[in-house]
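Please read these points alongside the coordinates. They cover one annotated span, confidence, one backbone angle and the chain contact.

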Amino acid sequence: MGLLIPLLVPMEGYEPPGVQSFDFPPLFPGAPAWVDRYLLQALVAFLLVGIFWLVMARKNKLVPSKGQFVGESAYFFLRDSIGRDMIGHEFRKYLPFLIAVFSFVLVNNLWGIFPLTLLPTASHVGWAYGLAGMVWILYNAIGLRKFGPLGYLKHVTMPPGVPGYMLPIVIPLEFFSNIIVRPITLSLRLFANMLAGHLLVLVFVLGGEYLLVESEPIINKVAGGASLIFSMAIFALEIFVQILQAYIFTVLTAQYISSASSEEH
Amino acid sequence: MTPMEIVGSLGIVGYGLGAIGPGIGVGLIFAAVIQGTARQPEARGAMLSTAFIGFALTEALAIIGIALAFVFGFVGQ
């Protein structure tokens, strides 16, 4: 057993990655604490998304060039599979918002695999709260404008077809789930996926680096090399998760807008 | 000398337990989508968009779990 101990616990001097790995100092000395990498990434993503759609929206021809084809494919994907399927016949009003949300969340998530940044913006919970808060205000405002305050409350809390004696149970549950839980899960879903994915990458890369470079036994070096190679597979999984989370965020936004604005079924 | 000393918070163990249910649920959802696609391939698109909403709702439990693991994990220390 004594020989096994350094194999089981090769951890002296190893700092495991944790929540503290997501704290970054301000960008330059003397800046306020909120001017950090996250803000810079979000601003660059904002510029990229804006420039992309502005370029794609001008000089459209009947026979598309390659660039126009890329933009049109992205637009048709968002319009048909998210806008029209989820919202229904009046989806055109909300399409610009859905496209903006999808592209912004997607670019911000993909910062997690871009070699110069390697940090998804939404892995800081404030950004996820901000995005979900915007969606929350939007769908509640749509519902309030369409049905009025009391009508919207009735629309949200009383699903049609519920017998009267069930209403004392159903009304608080529906209010809780539609008004309170929705923004929380929307933000935490994005945040937790990005945080967990980035932590996974950190564990494989930092642990592999420690085993390969700083620990003695040869078997640890083999394990460290294997871990570093396997971290590439983790990056591939991360690409998939980041695109999927941007898609799910947009689908749920469309779903919330649809359920707040639709007539009684 | 113990071979491994376990330190830290029980919140992580609790999150592991809490992730069992959503794991099974997400598996069931996509198993149903695969079956449905095998039976009727042209209905795949309609099934997938519903499946992603169900997936997101099921996953919400795991997400609340990870948030609570962080919250209560730091309370205990």
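1. In chain B, the span 14-71 is 91% helix and 0% strand, and its end C-alpha atoms lie 12 Å apart. Helices (H or I, at least four residues) and strands (E, at least two) are DSSP runs, numbered from the N terminus. An unreviewed UniProt entry annotates residues 14-71 of chain B as "domain: V-ATPase proteolipid subunit C-like"; such annotations may be inferred rather than shown by experiment, feature names are shortened, and positions follow the numbering used here.

2. This is a predicted model, in which local features need pLDDT of at least 70 and side-chain atom pairs count only at pLDDT 80 or more, while totals for chains, interfaces and linings use all residues. Residues are numbered from 1 along each chain as its sequence is written, with chains lettered from A and ligands numbered from 1 in the order in which they are written.

3. The scores are ipTM 0.71 and pTM 0.86. Chain B has a mean pLDDT (the predictor's confidence in each residue, from 0 to 100) of 82, and 84% of its residues reach 70 or more. Within chain B, helix α2 (residues 20-39) has the highest confidence, at a mean of 94, and helix α3 (residues 44-75) the lowest, at 78.

4. A:Leu118 sits in the loop between α4 (95-110) and α5 (125-147) of chain A. Its phi is positive, near 55°. Most residues other than glycine have a negative phi.

5. Contact (C-beta atoms, placed from the backbone, within 7 Å) joins 11 residues of chain B to 14 residues of chain A. The chain B side comprises nine nonpolar residues, one polar and one charged. Ala, Val, Leu, Ile, Met, Phe, Trp, Tyr, Cys and Pro count as nonpolar, Asp, Glu, Lys and Arg as charged, and the others, Gly among them, as polar.

Methods. Contact = placed C-beta atoms within 7 Å.
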